[in-house]
Amino acid sequence: FDTKHKRIMAQQEDVFKKLISHCKEYGFVFPSSEIYDGLSAVYDYGQMGVELKNNIKKYWWDSMVLLHENIVGIDSAIFMHPTIWKASGHVDAFNDPLIDNKDSKKRYRADVLIEDLIAKMDEKIEKEVEKAAKRFGESFDEALFRQTNPRVQEHVAKREELHSRYAKAMNENDLNELRQIILDYEIACPLSGTRNWTDVRQFNLMFSTEMGSTADGTMKIYLRPETAQGIFVNYLNVQKTGRMRIPFGIAQIGKAFRNEIVARQFIFRMREFEQMEMQFFVRPGEELKWFAQWKETRLKWHKALGLGDEKYRYHDHEKLAHYANAATDIEFEMPFGFKEVEGIHSRTNFDLSNHEKFSGKKLQYFDPELNESYVPYVIETSIGVDRMFLSVMAGSYCEEQLPDGETRVVLRLPAALAPVKLAILPLVKKDGLPEKAREIMDMLRFDFKCQYDEKDSIGKRYRRQDAIGTPFCVTVDHDTLTDNCVTIRFRDTMEQKRVAISDLAQIIGEQVSMKSLLRKIVNS
Ligand code: GAP
């Protein structure tokens, strides 16, 4: 099992490394400030990346504000009044517990060190089960084995003991106890191998800066760690000016910033990232019904992309934040396992009530049907653009063995999200073919992002387009000059068809339009 497990891990790591270098090689994602050796957990999107990212954002935005009459968008500022972050709880509680190893000088999240140990214990248990399954073959009763095998029982008991001690320490914010657990369980620094640990300290994840330059002082303000608060503080502005009636939603896409201690896994955990959040305001008491509905709607949105239904799963939260009465994550199978891409939370009236308290302004909604005023309850859907980008790239990246023995790397991107929709390729660089190709491009460029390419063999040009996920290649040959037809090649099947130039817009349009993708959500 160990070897098999290690092999799978190595393969996953290998795929992930290939994906990261593919992102760089083809202009999707670059490390930020690369010529200065980069800036940790900050990335730039290149010429292909920005197109894909914009298409993801459009898909989300349209699915919210086009498909729902009762959802509108806003674009609030990144800088906000600092008291907002007091009210939201971020100043006091948006912390990670951190610990330093005095020898390696490396900083860790104390909770992550302990969770990694729990994961190792889980692995040990699975290893025992796996071994027994091999030994007993067909007749193996896994449930009975788990209940009765003394070694498994022993491992489970140790794991449970650690887990409950850890959960209690986290719940009670007991930093000394977190450190004691690390010492008692002899957790060593992976780098230095020593157990020479500092105390555990709380580390606030918000970045701060100063506003103003007057002599009588500046104001400490924060870079927003989530876009949601910009929606909460504008909810009455929108409700009143937009004449919105509950239930209604406000959507927003924008940057968020978190000083993550353990920033790793490429664009999965960044210090500057982008969120797409929607707050849905409902009557108190109706929130769980809406929570269930949004949970379903959001999964449909993901699945409509066609990356494979089996790649998604819900992870319902057992332990809820004090302000939430239901929460779930939508997880995607990344190259490093199932990971959260989106969170759906029933946040009660926590945020709005606190903003009432801290601002001294009434944030009540008058419900004409009930003839009463109340602070609405909120269902939040919150998804990271960059994580979504990573899941789309990971779900599309494919190395294929071709019948002629060659391999091709193809990005099977959903056509509506592809950065380039079609490539226009003159077979040769002479005989009037480039001019004809340009003519076609001039006709189609208003509808689709096109790329013209006349360099290298046609085979090489196809590969280049496969690598950036272009769904269609259109080849212009000598016959085109007389019959006004071209060869269209489909990325996924590599099938080629002769079609009239005048039909191109329709053939391509049907496949790549955002409209057909949005229809899939509605019809699913
Ligand atoms: N307003 C709720 C909120 O911010 P969250 O679970 O902290 O909830 C929501 O974040 C989503 O934002 C996550 O599901 C993830 O996709 C994205 N996200 C959070 N932290 C991130 C980071 N450091 N880098 C990239 N994406 C992140």
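This report walks through a predicted protein model, from its overall build to a few of its residues.

## Ground rules

Since the model is predicted, local features need a pLDDT of at least 70 and side-chain atom pairs count only at pLDDT 80 or more, while totals for chains, interfaces and linings use all residues. Residues are numbered from 1 along each chain as its sequence is written, and side-chain values use heavy atoms, with hydrogens and water left out.

## The whole protein

Let's start with the big picture. The protein has 18 helices and 23 strands; helices (H or I, at least four residues) and strands (E, at least two) are DSSP runs, numbered from the N terminus. Its C-alpha atoms fill a box of roughly 80 × 70 × 55 Å, taken along the principal axes.

Out of 524 residues, 48% count as buried, and buried means under 20% relative accessible area, with exposed being over 50% and partly exposed in between (1.4 Å probe, protein chains only). The accessible surface comes to about 26400 Å², and 49% of that belongs to carbon and sulfur atoms. Areas like these come from the Shrake-Rupley method with a 1.4 Å probe; for residues, only the protein chains shown count as cover. Take the contacts (heavy atoms within 4.5 Å) between residues at least 6 apart in sequence: 66% of them join residues at least 24 apart.

## Around the ligand

Now for the ligand. There are 20 residues around it, and Glu 226, Met 270, Glu 277, Glu 340 and Val 341 come nearest; a residue is near if one of its heavy atoms lies within 4 Å. By type, the shell splits into 10 charged, 5 polar and 5 nonpolar residues. Here Ala, Val, Leu, Ile, Met, Phe, Trp, Tyr, Cys and Pro count as nonpolar, Asp, Glu, Lys and Arg as charged, and the others, Gly among them, as polar. Strands S10 (272-282), S13 (337-346) and S16 (377-384) each supply at least two shell residues, and S13 gives the most, with 5.

Which atoms pair up? A polar side-chain atom of Glu 226 sits 2.6 Å from a nitrogen atom of the ligand, and one of Glu 260 sits 2.8 Å from a ligand nitrogen. On the oxygen side, an N or O atom in the side chain of Glu 340 is 2.6 Å from an oxygen atom of the ligand. Taken alone, the ligand exposes 550 Å², and the protein buries 91% of that.

## A buried loop

Ile 74 lies in the loop between strand S3 (71-73) and helix H3 (83-87), and Ser 76 has its place in that loop between S3 and H3 too. Ile 74 counts as buried because its relative accessibility is 17%; Ser 76 counts as buried because its value is 12%.

What does Ile 74 touch? Leaving aside neighbours within four places in sequence, its contacts include Trp 61, Val 238 and Ala 251. The C-alpha atoms of Ile 74 and Ala 251 are 6.3 Å apart, although 177 residues separate the two along the chain.

## One face of H17

In helix H17 (residues 504-512), Leu 504, Ile 508, Gly 509 and Val 512 are buried. Seen down the axis of H17, they fall within an arc of 110°, so they line one face of the helix. That arc is the one made by the directions from the helix axis to the C-beta atoms. Among the elements covering these residues are helix H14 (433-444), strand S22 (485-490) and helix H18 (514-523).

Notes: Polar contact = N/O pair within 3.5 Å; in protein donor to acceptor, adjacent residues only side chain to side chain.
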